[in-house]
Amino acid sequence: MTDVTRAIAAATSVAASLGLPASGALVLHNSNRLTLRLTPCDVLARVASLGHEDAQFEVELAQRLAQVGCPTGRLEPRVDPLVYSRDGFTVTLWTYYGPATTHTSPGDYAKALEQLHVGMRKVDVPSPRFTDRIAQAKVVVANPNLSPELADTDRVFLSSRLASLQRAIEDRGAVEQLLHGEPHPGNVLGTKFGPLFIDLETCCRGPVEFDLAHVPEAVCEHYPNVDQGLLDECRQLVLAMVAAWRWELGDQLPNGRRFGEELLRSLREGPPWPTLDTVTRRLDGR
């Protein structure tokens, strides 16, 4: 059995043991975690290899954010809010939201993100700092065994850019708070309840401009009191970090290498610094 097949079997087994009928499973996303829609119970299952330490953090944080009214995806209410283990996998169960009939406007996106940030300021939980994400990217870039296809000149360039951007952002001394960490469009669901943010395992502490660096330009235009200079530095940082991860051995993002090459080109050509969705559109020829 492949890992995906085993993960699906683990998720359906967990659901069935909890009284949720799950004879079918549709793969919605497959990266560091496998995201499934289980049917006919209509539950969203997120499955990761055992030892994925972020699962417990995400479940606990989701409960805290729900209590303060944050626009986030909710855990499945028919079962206990736990991390379940089965056959070498961790399984968490979430509410499945059908697709919205209308497109999420930049204004609604920005309003929901602002509401998320307001709620997050009310939640006191131990969390990593955004610099921990930078450190992870630095390790990938510095170790040829982790990024064997990254050219030496690109390795030196990325390493230098990650270090200089971290210094520049920290030197600004901006106010920091709990953040989503990666609130890009792929982590925003358009639902009948409005935009909802998912994938909370990336939460970290930092300036709100770090979150804004992940969203489309039009969304930033609707978010109040943005420090444009800090946002520009955070956008560069996000481009550099994502570039590092695209060169990591075992990266499963479709067209990941092409994306990594385009991110490096964007860093060398800027400013203006493109948003992630702009880089994606370039690759898609749109």
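Helices (H or I, at least four residues) and strands (E, at least two) are DSSP runs, numbered from the N terminus. The structure is a predicted model, in which local features need pLDDT of at least 70 and side-chain atom pairs count only at pLDDT 80 or more, while totals for chains, interfaces and linings use all residues. Residues are numbered from 1 along each chain as its sequence is written, and side-chain values use heavy atoms, with hydrogens and water left out.

The lining of the second largest pocket draws at least two residues from each of α1 (3-17) and β3 (43-49), and α1 contributes the most, with 4 residues. A pocket is an open set of points on a 1 Å grid over the protein atoms alone, where a 1.4 Å probe fits, with protein on both sides within 12 Å along at least five of seven lines; lining residues have an atom within 4 Å of a point. Of the 14 lining residues, Asp3, Asn30, Ser31, Ser49 and Phe89 lie nearest the pocket centre.

Three aromatic pairs were found in a search of the whole structure (ring centres of Phe, Tyr or Trp, the last by its six-membered ring, within 6.5 Å; planes under 30 degrees apart stacked, over 60 edge-to-face, the rest tilted). One of them is edge-to-face, because the rings of tyrosine 97 and phenylalanine 193 have centres 6.2 Å apart and planes at 80 degrees. Tyrosine 97 lies in the loop between β5 (89-95) and α3 (106-120) and phenylalanine 193 in the loop between β7 (188-191) and β8 (194-197), so the pair ties together parts 96 residues apart in sequence.
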